Amino acid sequence: MDSLSVPEEFTYAEWASDLKQLAFGGDNYGFQHWRQPYVSTGFFYGTESGQRLETNPMRDGFSNAPISDAQRSELNRWMSVGPETQPKDVNRWLDSIRYQYYLEEVLGLDRSVTE
């Protein structure tokens, strides 16, 4: 990595004791779905009074998120459903489709999940 000048080691800054601890994922994708109970996330929602931050909304079933009951139900279903069948070469198949297609067409989730 010397040619790119990318450091291979680093030290985290000290975390202030009055701040709530954050849990970081060990990869770049799992936190978006399967690792939700183990990592810290935050989502901004647009409301009439502006942007609103909800931390770890998936952990409590989106109960505090400013969304409709129908959207809440679909988002919770997203966390618990999978495809009925999988192609033999599942990795190649997944690489050939958009995630939106997977959620809406394969899992049958409402479009509000992908908006």
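Predicted model: local features only at pLDDT ≥ 70, side-chain atom pairs only at ≥ 80, totals over all residues.
Reader: What makes E1 and E2 a pair of strands?

Author: Strands are DSSP runs of type E with at least two residues, and helices are runs of H or I with at least four, numbered from the N terminus. Two strands pair if DSSP finds at least two bridges between them. E1 (residues 42-47) and E2 (residues 50-55) have six bridges in the antiparallel sense, so they meet that definition. Two residues lie between E1 and E2, and the strands form a hairpin. Tyr 45 is in strand E1 and stands opposite Arg 52 in E2.

Reader: Why is Tyr 45 called buried?

Author: Buried means under 20% relative accessible area, exposed means over 50%, and partly exposed is in between (1.4 Å probe, protein chains only). Tyr 45 has 14% relative accessibility, so Tyr 45 counts as buried.

Reader: Which residues does Tyr 45 touch, beyond those up to four places away in sequence?

Author: Contact means heavy atoms within 4.5 Å. By that rule Tyr 45 touches, among others, Gly 50, Arg 52, Pro 57, Phe 62, Ala 65 and Ile 67.

Reader: What makes up the largest nonpolar core?

Author: A nonpolar core is a set of buried Ala, Val, Leu, Ile, Met, Phe, Trp, Tyr and Cys residues joined through side-chain atoms within 4.5 Å. The largest one has 12 residues in all, including Tyr 45, Phe 62, Leu 75, Trp 78, Tyr 102, Leu 103 and Val 113. Helix H1 (69-78) and helix H3 (99-106) are the elements that give two or more residues to this core. Two of the core's members, Tyr 45 and Leu 75, are 30 residues apart in sequence and 14 Å apart in space, C-alpha to C-alpha. Leu 103, leaving aside its neighbours within four places in sequence, is in contact with Trp 78, Gly 108, Leu 109, Val 113 and Thr 114.

Reader: How do you know whether Ser 5 and Asn 56 are buried or exposed?

Author: Ser 5 has 64% relative accessibility, so Ser 5 counts as exposed. Asn 56 has a relative accessible area of 12%, so Asn 56 is buried. Ser 5 lies in the segment before E1, and Asn 56 is in the loop between E2 and H1. Neither is a glycine, yet phi is positive at about 60° for Ser 5 and at about 50° for Asn 56.

Reader: How many aromatic pairs does the structure hold, and why is the pair of Tyr 99 and Tyr 102 called stacked?

Author: Rings of Phe, Tyr and Trp (its six-membered ring) pair if their centres lie within 6.5 Å; planes under 30 degrees apart count as stacked, over 60 as edge-to-face and the rest as tilted. The structure holds three such pairs. The centres of Tyr 99 and Tyr 102 are 6.2 Å apart and their planes are at 15°, so the pair is stacked. Both lie in helix H3, three residues apart, about one turn of the helix. Tyr 99 is partly exposed at 38%, whereas Tyr 102 is buried at 16%.

Reader: What makes Phe 10 and Tyr 12 an edge-to-face pair?

Author: Their centres are 5.2 Å apart, with 80° between the planes, and the pair is therefore edge-to-face. Both Phe 10 and Tyr 12 are exposed.

How values were computed: Residues numbered from 1 in each chain as written. Heavy atoms only, no water.
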